[in-house]
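Here are some notes to read beside the model. Please keep the sequence and the 3D view open while going through them.

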Amino acid sequence: MLGIDVGTQSAKCVVLDVQGELGGVGQMGYPVQMPRPQWAEQDPETWWHAAVHAVKTAIRKAKIAGDRVRAIGVTGQMHGAVLIGDQMQALRPAITWMDRRSANLCEIVQARLSPDVIQQVAGNRLSPGFAGASLAWLREVEPDVIEQTRAVIQPKDYLVMRLTGQLSSEPSDASATWLYDIGQQQWSETLAAACRVPMDKLPPLYASGEVVGTLHKEAARALKLREGIPVIAGVADQAALLLGAGVVESGRGSITVGTGGQITIVTNRPRIDSGLRLNTFCHALPGRWYTMGAILNGGNTLRWWREICGEPAYDKLLEQAAQVPAGS
């Protein structure tokens, strides 16, 4: 089985056997483009190119033939907006979760709804980088792109589209767009209207573990795999991390430092922070949600510091940092 992740800084692939034992790992990095201050974009084509490289590398390291792969699961960075046209192509660079261009619009959009509706339906404050906020910005600045859009999907959904030719999303990513009713588990016409997003631009929803389609001929040729392998809808990276770490029961939690940083607690119903200071999203498993406090700058600050220092090895930086007394 293959697990493919479209992260913020790289695409990764793991090969697992049916017992869950790791067979091989592949990875390829790509940049975040910042054409203007506060903007953060990526070309979805670079995700696909890196994913193809990662898959081939992982299979080679696992020392298996490509025709032994029986299923593909995907995960990826959250909140982004990938606008897909009628020819199933990205119409513009994807706006990622790190983007802040929509900051001045978030309060304007939220003012179109009552605080009770925001709390009960969205369960989250609208933040820059959320798909709903990015789409509100595009509606004002690039309305022609919105008109040409067939569907707005998430980064991992783009990978599913390239693998299967099908448009899709699922609850763990959809609930982090600010376009989804986290209690009713469906796209919200109320939230979409507030963001000026037509409902017909939102993709079909599947359960996270549901098969969306099978690997089509073109993708199979690129990956050197057999055609017809089932591909599931997948799961947002934070929910995937919780699932992989076994954090699935109510009351369990985790602390993570990736590109950003998160503290997360699992619940068996949406537990909304009354001040909307925390986020509440859908878990990978049905009947589970999680409440999360997050910062945008975690591991990416370490990467910045590495570049400033000219030290290529993270291990060396961490070794030096470990020698600094606590509280300095």
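1. Basis. This is a predicted model, in which local features need pLDDT of at least 70 and side-chain atom pairs count only at pLDDT 80 or more, while totals for chains, interfaces and linings use all residues. Residues are numbered from 1 along each chain as its sequence is written, and side-chain values use heavy atoms, with hydrogens and water left out.

2. Salt bridges in total. The structure holds 13 salt bridges. The term stands for a side-chain nitrogen of Lys or Arg within 4 Å of a carboxyl oxygen of Asp or Glu.

3. Glu41 and Arg92. The side chains of these two residues form a salt bridge, with 3.2 Å from N to O. Glu41 belongs to strand E4 (residues 41-42) and Arg92 to the loop between strand E6 (82-84) and strand E7 (94-95), so the pair ties together parts that are 51 residues apart in sequence. Helices (H or I, at least four residues) and strands (E, at least two) are DSSP runs, numbered from the N terminus. Glu41 and Arg92 are buried (buried means under 20% relative accessible area, exposed over 50%, partly exposed in between; 1.4 Å probe, protein chains only).

4. Arg101 and Glu41. Glu41 also meets the side chain of Arg101 in a salt bridge, at 2.8 Å from N to O. Arg101 sits in the loop between E7 and helix H2 (103-110), and Glu41 in strand E4, so that this pair links distant parts of the chain, 60 residues apart. Arg101 is buried, as is Glu41.

5. Lys156 and Glu170. A salt bridge of 2.9 Å, N to O, joins the side chains of Lys156 and Glu170. Lys156 is in helix H6 (residues 155-164) and Glu170 in the loop between H6 and helix H7 (171-174), 14 residues apart. Both residues of this pair, Lys156 and Glu170, are buried.

6. Thr164. This residue lies in helix H6 and is buried, with a relative accessible area of 8%. A polar atom of the Thr164 side chain lies 2.8 Å from the backbone oxygen of Val160. A polar atom of that side chain is also 3.0 Å from the backbone nitrogen of Gln166. Leaving out residues up to four places away in sequence, Thr164 touches Val212, Gly213, Thr214, His216 and Val231, where contact means heavy atoms within 4.5 Å.

Note on methods. Polar contact = N/O pair within 3.5 Å; in protein donor to acceptor, adjacent residues only side chain to side chain.
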